[in-house]
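Q: I'd like to go through this structure with you, strands and charged pairs. Ready when you are.

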Amino acid sequence: MRYWLMKSEPEEFSIDDLVAAPKQSTAWIGVRNYQARNFMRDQMQLGDGVFFYHSSCPEPGIAGLAEVSAPAYPDATQFDKKSPYHDPKATRETPRWVHVDVKLVRKTRLVSLAELREHQELADMRVLARGNRLSITPIEPGEWKFITQKLMKL
DNA sequence: GCCAACGTTGGC
DNA sequence: GCCAACGTTGGC
């Protein structure tokens with residue numbers, strides 16, 4: 001059982017979209033970064049905890065809790081010539097990109113990036129690091145606990 | 001809209 | 001295999 005932070009641009013797919021989604025679940029398609037892919041492929045397991053993070057928006061931050069609801073499987077958009085996620089080097093025999101499914105646990109108050117930065121306990125979070133661009137990052141159990149219990153009061 | 005940081009590409 | 005150029009991310 002691990003914990004993760006997964007970024008999504010709310011203009012593309014927000015926590016409210018997840019709330020409204022069929023089965024409150026979504027296929028995390030479109031990741032085209034090897035490090036993020038490897039996390040999904042090699043480490044993410046059913047039931048892992050996920051912070052759903054809003055990025056590239058007026059108030060970036062954690063907007064809800066989710067969990068991994070399906071382990072990694074090939075991303076169909078890599079084979080689709082019409083998709084913005086198409087990868088000409090990927091074949092069905094040797095897919096290059098995979099993704100997990102994620103389902104809602106609960107929407108929470110928005111714990112903003114600015115608020116995360118205020119806490120020494122969270123100083124090592126990857127998402128707070130300068131120049132961080134990775135869309136999926138591991139979260140330490142202590143960080144998960146601090147955010148869900150102390151900040152969200154769950 | 002700016003720009004720092006970082007990943008990827010491709011020439012050599 | 002190096003590394004400059006380029007493209008993208010994402011906070012501000």
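Q: How many bridges join β2 to β5, and do they run parallel or antiparallel?
A: There are 3 bridges between β2 and β5, and the two strands run antiparallel. Strands count as paired if DSSP finds at least two bridges between them. The strands themselves (E, at least two residues) and the helices (H or I, at least four) are DSSP runs, numbered from the N terminus.

Q: Before we go on, what sort of model is this?
A: A predicted one: local features need pLDDT of at least 70, side-chain atom pairs count only at pLDDT 80 or more, and totals for chains, interfaces and linings use all residues. Residues are numbered from 1 along each chain as its sequence is written, chains are lettered from A and ligands numbered from 1 in the order in which they are written, and side-chain values use heavy atoms, with hydrogens and water left out.

Q: Now the charges. How many salt bridges are there?
A: The structure holds 6, each being a side-chain nitrogen of Lys or Arg within 4 Å of a carboxyl oxygen of Asp or Glu.

Q: Which residue does K107 form a salt bridge with?
A: D16, with the closest N and O atoms 2.7 Å apart. K107 is in strand β5 (residues 98–112) and D16 in helix α1 (residues 15–20), so the pair ties together parts 91 residues apart in sequence.

Q: What does D75 meet in a salt bridge?
A: The side chain of R32, at 3.1 Å, N to O. D75 sits in the loop between β4 (61–74) and β5, and R32 in the loop between β2 (25–27) and α2 (34–43), 43 residues apart.

Q: Is D75 buried or exposed?
A: Buried, because its relative accessibility is 0%. R32 is partly exposed at 27%.

Q: What about E67, which residue is it bridged to?
A: K103, with the closest N and O atoms 3.6 Å apart. E67 is partly exposed at 25%, and K103 is partly exposed at 33%.

Notes: Buried means under 20% relative accessible area, exposed over 50%, partly exposed in between (1.4 Å probe, protein chains only).
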